[in-house]
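Here is a friendly briefing to read alongside the model. Take a look at the sequence and the fold, then go through the points below.

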Amino acid sequence: MIRVDFTKLRILVVDDNAHMRRIVRTLLHGFGSREVYEAEDGASGLEMFTTHLPDIIIVDWSMPIFDGVELTTMIRQPDSGMNPYVPIIMLTGHSEKSRVIRARDAGVTEFLCKPISSKALHQRLLNCVLNPRPFIKTRDYFGPDRRRSTAATYSGPERRSKTANVVEDTANARLRDSVVS
Amino acid sequence: MPDAPPSPALVPAASWGVPVESFTDHIVLRPPNRLKERATRSVGLRDKSDEEAILRAEQALELLSTEFDGWMKHEIDRLEIMRAAFAIGRDAEALDGLYRSAHDLRGQSATFGFPLAGEIADGLCLMLEQDGPPPPQSYVDRHVEAIRAIVREDVRGREHPVAAEIVERLAILRAGFLKPKD
């Protein structure tokens with residue numbers, strides 16, 4: 001059996017609300033993390049991403065200057081000199097299906113709804129370290145494989161050959177159930 | 001199985017030495033999991049360090065919770081300021097400020113011990129998120145007043161009958177304003 005050693009993880013928390021940053025930092029310290037950096041908006045988050053090279057980023061959606069989805073899009077640049085594969089956990093009060101899909105299509109690795117729980121955050125962090133998905137690049141997407149499992153019987157739309165950003169997908173309900181818990 | 005070479009436009013210039021599988025309309029990149037190599041350790045079958053880590057984090061949050069009442073008051077004071085600004089201006093900037101404040105309460109109230117306040121904040125956010133004209137000021141005021149009352153009366157949990165009734169009545173009020181979703 002293997003366990004994640006949180007003392008070796010460098011984590012960046014990007015949230016404009018100081019109380020929420022303190023809560024997340026407290027949970028991360030409880031898990032054993034010592035190297036936790038904080039940024040209070042998307043611009044500072046991008047700056048800290050380039051200077052501190054975190055292993056995992058936890059990002060809020062609604063923030064001033066640019067939001068969590070925009071920050072994710074800026075990081076997921078395949079030709080970037082910085083690590084475009086860094087795991088990104090979207091921690092947000094938005095739980096609507098359309099928001100989950102937007103975050104996924106921006107390249108978010110994991111989605112976590114507020115109110116935050118210790119167990120749910122821990123599980124998302126373990127997923128990032130132990131079960132990373134391959135990355136897919138199409139003409140209009142670069143990010144973790146949006147299909148969480150490979151099913152031989154997949155009958156949904158073949159979005160990799162399409163240019164539309166929003167695709168109606170019968171797997172959406174299952175996706176939401178799997179990420180919003 | 002990989003098939004024909006992809007369009008050159010699909011192949012990242014800087015692939016970080018990541019193995020690439022090429023398909024006609026997409027490529028699959030499998031970055032080596034260096035995080036797993038660096039930040040994991042082997043343990044015995046009876047290891048309970050994951051459960052202990054979660055417990056430690058919950059205990060740390062419990063210690064921090066002595067601060068939550070003050071934080072909730074701070075968030076509500078901020079909501080009140082934003083409500084007053086929205087009542088005067090009712091422009092995009094005022095709406096954005098009110099929305100951010102309500103959105104923070106939606107995400108944090110349950111953690112702070114006031115889940116019903118979070119539900120009301122969620123309803124306020126739904127009205128502010130809707131395209132078209134902003135909600136009537138009286139609707140905003142009722143939501144803000146209800147959140148303040150729940151915290152003032154120290155209504156924690158979801159079982160308080162009057163607070164539950166208020167949440168229900170506000171939902172009915174909102175239904176008259178919110179457009180049905182497609």
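A residue counts as buried when its relative accessible area is under 20%, as exposed when that area is over 50%, and as partly exposed in between. Please keep in mind that this is a predicted model. With those cut-offs, B:Arg90 is partly exposed, because its relative accessible area is 31%.

**Backbone points to check**

- B:Arg90 is not a glycine, yet it has a positive phi of about 50°. It sits in the loop between α3 (68-89) and α4 (92-112) of chain B.
- A:Leu53 is another non-glycine residue with a positive phi, here about 45°. Its place is the loop that runs between α2 (42-52) and β4 of chain A. With a relative accessible area of 44%, A:Leu53 is partly exposed.
- The peptide bond between A:Lys114 and A:Pro115 is cis, with omega about 5°. A:Pro115 belongs to the loop between β6 and α5 (118-130) of chain A.

**The sheet of chain A**

- Five strands form an open sheet with parallel pairing, in the order β3-β2-β4-β5-β6. From one strand to the next, the twist averages 20°.
- Which strands stand at the edges? They are β3 (35-39) and β6 of chain A; each has a single partner strand, so one side of each has no neighbour in the sheet.
- As a reminder, strands of a sheet pair through backbone hydrogen bonds, either parallel or antiparallel.

**Strand β6 and its partner**

- Four bridges join β5 (residues 88-92) and β6 of chain A, in the parallel sense. Within this pairing, A:Ile89 stands opposite A:Glu110, and A:Thr92 has A:Cys113 as its bridge partner.
- Between β5(A) and β6(A) the chain passes through helix α4 (residues 97-106) of chain A, and this β-α-β crossover is right-handed.
- Both faces of β6 (residues 110-113) of chain A are covered: A:Glu110 and A:Leu112 are buried on one side, and A:Phe111 and A:Cys113 are buried on the other.

**Cavities**

- Residues lining the second largest cavity include A:Val13, A:Asp15, A:Met20, A:Ile58, A:Asp60 and A:Leu91. The elements giving two or more residues to this lining are β2 (10-14), α1 (18-31) and β4 (56-59) of chain A.

**Annotation**

- An unreviewed UniProt entry places the feature "domain: Response regulatory" at residues 10-129 of chain A. Over residues 10-129, chain A is 46% helix and 19% strand, and the end C-alpha atoms lie 12 Å apart.

Methods. Residues are numbered from 1 along each chain as its sequence is written. Chains are lettered from A and ligands numbered from 1 in the order in which they are written. This is a predicted model: local features need pLDDT of at least 70, side-chain atom pairs count only at pLDDT 80 or more; totals for chains, interfaces and linings use all residues. Side-chain values use heavy atoms; hydrogens and water are left out. Buried means under 20% relative accessible area, exposed over 50%, partly exposed in between (1.4 Å probe, protein chains only). Two strands pair if DSSP finds at least two bridges between them. A crossover is right-handed if, with the strands pointing away from the viewer, the path from the first strand over the helix to the second runs clockwise. Axes are lines fitted to C-alpha atoms, for helices over the stretch in contact, and angles run from 0 to 180 degrees between N-to-C directions. UniProt positions are given in the numbering used here, feature names are shortened, and annotations may be inferred rather than shown by experiment. On a 1 Å grid over the protein atoms alone, a cavity is a set of points where a 1.4 Å probe fits but cannot get out, and a pocket is an open set with protein on both sides within 12 Å along at least five of seven lines; lining residues have an atom within 4 Å of a point.
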